[in-house]
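User: I'd like to learn how to read the strands, helices and contacts of a model. Could you take me through one?

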Amino acid sequence: MKAITQINSLKIFLNQARRKNQTIGFVPTMGAFHGGHLKLMNVSRRENDISVVSIFVNPTQFGPAEDFSSYPRDKKRDCSLAKKENVDIIFYPSVEEMYPRRYGTYVDVERVTATLCGVSRPGHFRGVATVVAKLLNIVEPDTIYLGQKDAQQCVVIKEMVRDLNFPVKVRVIPTVREADGLAMSSRNQYLLERERKEAPVLYQALLEAKQVAMEGERRVQRIIELVRKRIENLACAQIDYIACVDAETLQPLEKLEGKVLLALAVKFGRARLIDNIIFHVRN
Ligand code: AMP
């Protein structure tokens, strides 16, 4: 496995691979690897000749009051985990490499960024879309691998890829969970013991609501209330949002039908956790 920090060196290496007709899979991350990241790497490895993983804690996607400076960073541990997944290249640029002096171009994806996490994290998806656009231009992968845990991020990137004609296939990989159902996340490290004990209720509440929908409930508000009641009972939880939207457009639903995304963001102390579930409702 090669660790590369310079954009030019990475491009030279990948141009050679492309000349040999090798396919390139790409997994963008912010590091602090867990089973979710490793799953993405594993699928990329299986489906491509070359797998590139980027580690970049992207300052433009953090708000001023967010955890950019305290976000967990452990290059050594990450490199050894990536090596075990047979990753070919870790791309580990500095902030100056990605955003040099006089940097001034940003990507704004409309509509799908105006809801869910976009409301409480203004500017977040502008930062995400910008850095992913840059990384796609740097790596020029055949396929980019994203996690379903960040459902809105997947929709935003798909829209950007379509609107700006990026020649890349977007592959979304199901959420990897702890044994008790908690979605794996680098931010789970922030959870205190009593918060960690309560956090699996998020996924339980989503599953219970899906079950009620499968049994015939079609009122969106009823589904949201079910989830809300379950989470409100927790001592450490502070709800940011619970939403039930069209899984492709992220627009509100009048009633449950089609491909439904039930998504939430809940704060447990320092950790803002997100989770979601997608289900199909046939009327
Ligand atoms: P991050 O390092 O948090 O920016 O995540 C990098 C990639 O891993 C993103 O595409 C995430 O959606 C994905 N990811 C994060 N957590 C999980 C998980 N629990 N299961 C699957 N993918 C995940």
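User: How many bridges join strand E2 to strand E3?

Analyst: Six bridges join E2 (residues 24-29) to E3 (residues 50-55), and the two strands run parallel. Strands (E, at least two residues) and helices (H or I, at least four) are DSSP runs numbered from the N terminus, and two strands pair if DSSP finds at least two bridges between them. As one example, valine 27 has valine 53 in E3 as its bridge partner. Before we go on: this is a predicted model, where local features need pLDDT of at least 70, side-chain atom pairs count only at pLDDT 80 or more, and totals for chains, interfaces and linings use all residues. Residues are numbered from 1 along each chain as its sequence is written, and side-chain values use heavy atoms, with hydrogens and water left out.

User: What is the strand order of the open sheet?

Analyst: The order is E1-E4-E3-E2-E5-E6, six strands with parallel pairing. E1 (2-4) and E6 (169-173) stand at the edges with a single partner strand each, so one side of each is left without a neighbour in the sheet. On average, neighbouring strands are turned by 25° against each other, direction ignored.

User: Which strands does helix H6 touch?

Analyst: Contact means heavy atoms within 4.5 Å. H6 (residues 124-139) packs on the sheet and touches E2, E3, E4 (89-91) and E5 (143-147), its direction making about 150° with that of E2. Such angles run from 0 to 180 degrees between N-to-C directions, and axes are lines fitted to C-alpha atoms, for helices over the stretch in contact. Helix H7 (residues 151-163) lies across E5 and E6, at about 170° to E6.

User: At what angle do H6 and H7 pack?

Analyst: Angles under 35 degrees count as roughly parallel, over 145 as roughly antiparallel, 65 to 115 as roughly perpendicular and the rest as oblique. H6 and H7 pack at about 55°, with their axes 10 Å apart. That makes H6 oblique to H7. Among the residues in this contact are Phe125, Val128 and Leu136 of H6, and Val156, Ile157 and Met160 of H7. By class, the contact has ten nonpolar, two polar and no charged residues. Here Ala, Val, Leu, Ile, Met, Phe, Trp, Tyr, Cys and Pro count as nonpolar, Asp, Glu, Lys and Arg as charged, and the others, Gly among them, as polar.

User: How do the axes of H9 and H10 cross?

Analyst: The axes of H9 (residues 201-214) and H10 (residues 220-232) come within 9 Å and cross at roughly 150°. These two helices are therefore roughly antiparallel to each other. Residues meeting here include Leu202, Ala205 and Val212 in H9, and Ile223, Leu226 and Ile231 in H10. The contact holds ten nonpolar, one polar and two charged residues.

User: Is leucine 182 buried or exposed?

Analyst: Buried means under 20% relative accessible area, exposed over 50%, and partly exposed in between, using a 1.4 Å probe and protein chains only. Leucine 182 has 6%, so this residue is buried. Leucine 182 is found in the loop between E6 and helix H8 (193-198). Not counting residues up to four places away in sequence, leucine 182 touches Arg177, Asn188, Leu191, Arg196, Ala199 and Leu273.

User: Where is aspartate 88 placed?

Analyst: Aspartate 88 is in the loop between helix H3 (75-84) and E4. With a relative accessible area of 22%, aspartate 88 is partly exposed. Its C-alpha atom is separated by 6.0 Å from that of isoleucine 50, 38 residues apart along the chain.
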